[in-house]
Amino acid sequence: MTMLGLLRSRARAAEQQKVALLPEPAGQADAMLRRLEWTTLRRLDGLLQGDYRTLMRGTGLDLADLREYQVHDDVRHIDWNVTARMQQPHVRVFTEDREMAAWFLLDLSPSVDFGSGRQRKSEVLLQFVAVLSRLISRHGNRVGALLYGAAGLSRSGSLLPARGGRNQVLRLMQLIGRAAAGSGPAADSPGGTTRLDELLRSALLTVRQRSTVFVVSDFISEPGWEKPLGELARRHDVVAVRLLDPLELELPDLGLVPIRDAETGEQLMVDTHDPAFRQRFARIAAQREAQLREALARAGVDTLELSTGDDLADALWRFVGLRRQRQTGRPMAGPAAQGQGARA
């Protein structure tokens, strides 16, 4: 074995020993993050190719370079002094300040623990946060989180201060796992409807420095969250990540089935064999969809819709493409220009 091979084998053995010594939840989080790094993150690295900046918007601009004017350049960036000297239009090229934080406001209320297919909305939430927080932290930024669960916001433990590094991502994944399993601080007592406005108002007090804020929720909540979301968007770059399941939009013909409200615990029997009932359900769901999208648009936030049947990497790629198109006015070629699931 070569010296390089020996060093690699020793490094792998040391890493495996380190994981083996971790508590079981930490070991599970590390294994899941490794899998996501190998699958989803690896794909995103090949797709983004420098467009990571569209995920995070800096707090300031630094002059990076001067170059000749090109079609679609912003005329406000023309440097007239250089243009006069060179007898050719030149524009200033700026870079954004990357020293900033990303915050995840996570809705882990009972309605998020639902899925009609191979995964639940809570699993989509965990994978999204793991991938995005790792992507962000790898570029030198800090990530933090505020969690809302079955008991609302607890006095301690629902806040993870913003820090950088891979260990911070693992801490965040463990915190989500405990809360989603019902043993976390945000799930102290059952019952009650979700009040998303509590999470948003808490964020207004917690997140002081301008940041990129991801509000991850299914937005099944008591009214009143629209105003604090708009206030948050005026202070920060806010992205609403909306979790949904196809069964919430349209019911299949399954005959007589019991349905339980995850928020209140109320149960009832419904006859899905009745075409009139299914049509009424679809009509009400469509009305709610229209109202929700209108509320998010009024708040002035970008929206990423994640379905339990979506491919996470493709959904993120489409979203990055739409954000770039809105910022530059130029569409991005590839998967971002196709399909649904993201609105900017």
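**Notes on aromatic contacts and helix packing**

1. Phenylalanine 104 and phenylalanine 214 are both buried. These assignments come from a predicted model and should be read as such.

2. The rings of phenylalanine 104 and phenylalanine 214 form a stacked pair, because their planes stand at 20° and planes under 30 degrees apart count as stacked. The ring centres of this pair are 5.3 Å apart. Phenylalanine 104 belongs to strand β3 (residues 101–107) and phenylalanine 214 to strand β6 (residues 212–217), so the pair ties together parts that are 110 residues apart in sequence.

3. In total, the structure holds four aromatic pairs.

4. A further pair consists of phenylalanine 219 and tryptophan 225, and here the geometry is tilted, because the planes are at 55°. The centres of these two rings lie 5.2 Å apart. Phenylalanine 219 and tryptophan 225 are both buried.

5. A charged side chain is found at another ring: arginine 42 lies over the face of tryptophan 38, at 4.2 Å from the ring centre.

6. Turning to the helices, α7 (residues 226–235) packs with α8 (residues 275–299) at an angle of about 35°, and the axes are 8 Å apart. From α7, the residues Glu226, Leu229, Gly230 and Ala233 meet Ala295, Leu296 and Ala299 of α8. Of the residues in this contact of α7 with α8, five are nonpolar, one is polar and one is charged.

Definitions and conventions:
Residues are numbered from 1 along each chain as its sequence is written. This is a predicted model: local features need pLDDT of at least 70, side-chain atom pairs count only at pLDDT 80 or more; totals for chains, interfaces and linings use all residues. Side-chain values use heavy atoms; hydrogens and water are left out. Rings of Phe, Tyr and Trp (its six-membered ring) pair if their centres lie within 6.5 Å; planes under 30 degrees apart count as stacked, over 60 as edge-to-face and the rest as tilted. Helices (H or I, at least four residues) and strands (E, at least two) are DSSP runs, numbered from the N terminus. Buried means under 20% relative accessible area, exposed over 50%, partly exposed in between (1.4 Å probe, protein chains only). A charge sits over a ring if NZ of Lys or CZ of Arg is within 6 Å of the ring centre and within 35 degrees of the ring normal. Axes are lines fitted to C-alpha atoms, for helices over the stretch in contact, and angles run from 0 to 180 degrees between N-to-C directions. Contact means heavy atoms within 4.5 Å. Ala, Val, Leu, Ile, Met, Phe, Trp, Tyr, Cys and Pro count as nonpolar, Asp, Glu, Lys and Arg as charged, and the others, Gly among them, as polar.
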